[in-house]
Amino acid sequence: MTSGVVGNPRDRSSAAPLLLRGVSKRFGSTTAVAELDLQVERAEVFALLGPNGAGKTTTVEMCEGFIKPDAGRIEILGLDPIADNTAMRSRIGVMLQGGGAYPAARAGEMLNLVASYAADPIDPKWLLDTLGLTEAAGTTYRRLSGGQQQRLSLACAVVGRPELVFLDEPTAGMDAHARIVVWELIDALRRDGVTVVLTTHQLTEAEELADRILIIDRGTAVATGTPAELTRNGAENQLRFRAPAMLDLALLTSALPESYRVQETSPGEYLVEGDIDPRVLATVTAWCARLDVLATHMRVEQRSLEDVFLELTGRELRS
């Protein structure tokens with residue numbers, strides 16, 4: 001998949017593709033979104049994560065102009081998604097979880113129809129082929145598999161060469177091969193200068209694709225940053241190993257920089273916390289050699305995005 005095929009050749013807006021300042025939304029006594037701030041830059045893949053009911057869908061629907069916020073300001077490509085909805089629609093793509101297609105429409109017909117509304121669409125046949133839908137082009141939407149319906153929804157979202165595209169669970173129901181194809185297409189969008197806002201329940205997908213991630217819970221932003229920043233902040237790398245119990249840790253502690261912590265977490269289970277590099281590994285093995293013991297099951301660990309998510313929200317991504 002080559003760069004330059006998916007993206008829109010026309011000049012891009014100088015405004016931030018997506019900007020929220022103090023955005024709030026209530027439904028009766030329930031606060032769905034509370035004073036949310038965020039800014040997404042051009043050609044960025046931005047993942048919005050949160051447990052069910054955290055406010056992700058409400059946030060995205062306000063950005064897409066389906067829901068009006070109660071307070072705050074939203075700008076999409078410099079436009080108000082409510083007041084400037086018609087102008088905005090021609091410049092964004094929206095992938096809906098429900099597909100948004102006519103049940104009786106054939107896949108190829110549906111994509112051609114969406115393409116006909118665009119001034120300079122991507123070749124629908126190329127998109128069908130790229131997303132593995134050529135053989136399903138004559139199949140009605142209702143008879144497509146869940147993964148095929150998702151790929152058709154993605155094709156409809158990008159066929160008009162949007163400057164900004166919202167993708168809701170883009171690989172739900174797909175097998176491993178189809179998932180990789182979609183990831184490659186998202187990467188092509190980014191290379192072509194398209195901004196992608198992604199919601200997903202797959203933390204691995206967010207970690208793999210996103211330049212930045214925002215985690216929200218109960219309508220409030222709880223953390224934002226690159227995947228590396230989120231997994232690094234508040235938890236240093238860890239070196240774990242096994243050795244005879246109750247070893248004297250004083251020599252090892254003194255041989256490591258002051259910022260490092262060493263402890264025996266349970267009998268015979270040892271933990272070194274700090275920036276684990278080859279020199280630290282050599283220091284640990286030298287300490288073991290000095291004590292004439294053998295360290296086994298040595299492994300370097302770092303918090304995963306799932307660890308961070310659970311720590312911040314106290315809930316699984318699906319709850």
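V45 stands opposite V196 in β7, strands being DSSP runs of E of at least two residues, and helices DSSP runs of H or I of at least four, both numbered from the N terminus. The model is predicted: local features require pLDDT of at least 70 and side-chain atom pairs count only at pLDDT 80 or more, whereas totals for chains, interfaces and linings use all residues. Residues are numbered from 1 along each chain as its sequence is written, and side-chain values use heavy atoms, with hydrogens and water left out.

The pair formed by V45 and V196 belongs to the contact between β3 and strand β7 (residues 195–199), which run parallel and are joined by 4 bridges. Two strands are taken to pair if DSSP finds at least two bridges between them. β3 also pairs with strand β8 (residues 212–217), again in the parallel sense and over 4 bridges. In that pairing L48 has L214 of β8 as its bridge partner. Strands of a sheet pair through backbone hydrogen bonds, either parallel or antiparallel.

Strand β3 (residues 45–49) is largely enclosed by the rest of the structure, because 5 of its 5 residues are buried. Buried denotes under 20% relative accessible area, exposed over 50%, and partly exposed the range in between (1.4 Å probe, protein chains only). In a regular strand the side chains alternate between the two faces of the sheet. In β3, V45, A47 and L49 lie on one side and F46 and L48 on the other, and both faces are covered.

D211 is located in the loop between α7 (203–209) and β8. D211 counts as partly exposed, with a relative accessibility of 28%. Apart from neighbours within four places in sequence, D211 is in contact (heavy atoms within 4.5 Å) with A43, E44, V45, R190, T226 and P227.

A separate description applies to the open sheet of 3 strands with the order β2-β1-β4 and antiparallel pairing. β2 (30–40) and β4 stand at the edges with a single partner strand each, so one side of each has no neighbour in the sheet. Direction ignored, neighbouring strands of this sheet are turned by 25° against each other on average. Helix α1 lies across β1, β2 and β4 and runs at about 120° to β1. Axes are lines fitted to C-alpha atoms, for helices over the stretch in contact, and angles run from 0 to 180 degrees between N-to-C directions.

The loop between α1 (56–63) and β4 (71–76) contains K68. K68 is exposed, with a relative accessible area of 58%. Not counting residues up to four places away in sequence, K68 touches K25 and I82. The C-alpha atoms of K68 and I82 are separated by 6.9 Å, and the two residues are 14 residues apart along the chain.

A further open sheet has 4 strands in the order β11-β12-β10-β13, with antiparallel pairing. Its edges are β11 (261–266) and β13 (296–301), each with a single partner strand, so one side of each is left without a neighbour in the sheet. From one strand to the next, the twist averages 20°. Strand β10 (residues 238–242) pairs with strand β12 (residues 269–273) in the antiparallel sense over 5 bridges, and F241 stands opposite Y270 in β12.

On the surface, Y102, L113 and Y117 form a nonpolar patch with about 380 Å² of accessible area together. Patches consist of residues with over 30% relative accessible area and no salt bridge, like charges being joined within 9 Å and nonpolar side chains (Val, Leu, Ile, Met, Phe, Trp, Tyr) within 5 Å. A salt bridge is a side-chain nitrogen of Lys or Arg within 4 Å of a carboxyl oxygen of Asp or Glu. Accessible areas come from the Shrake-Rupley method with a 1.4 Å probe, and for residues only the protein chains shown count as cover. L113 is found in helix α3 (residues 107–116) and is partly exposed, with a relative accessible area of 32%.

Overall, the secondary structure comes to 11 helices and 13 strands. Of the 319 residues of the protein, 48% count as buried. The protein exposes about 15200 Å², of which carbon and sulfur atoms supply 50%. Among contacts with a separation of 6 or more, 69% involve residues 24 or more positions apart. Along the principal axes, the C-alpha atoms fill a box of roughly 75 × 45 × 35 Å.
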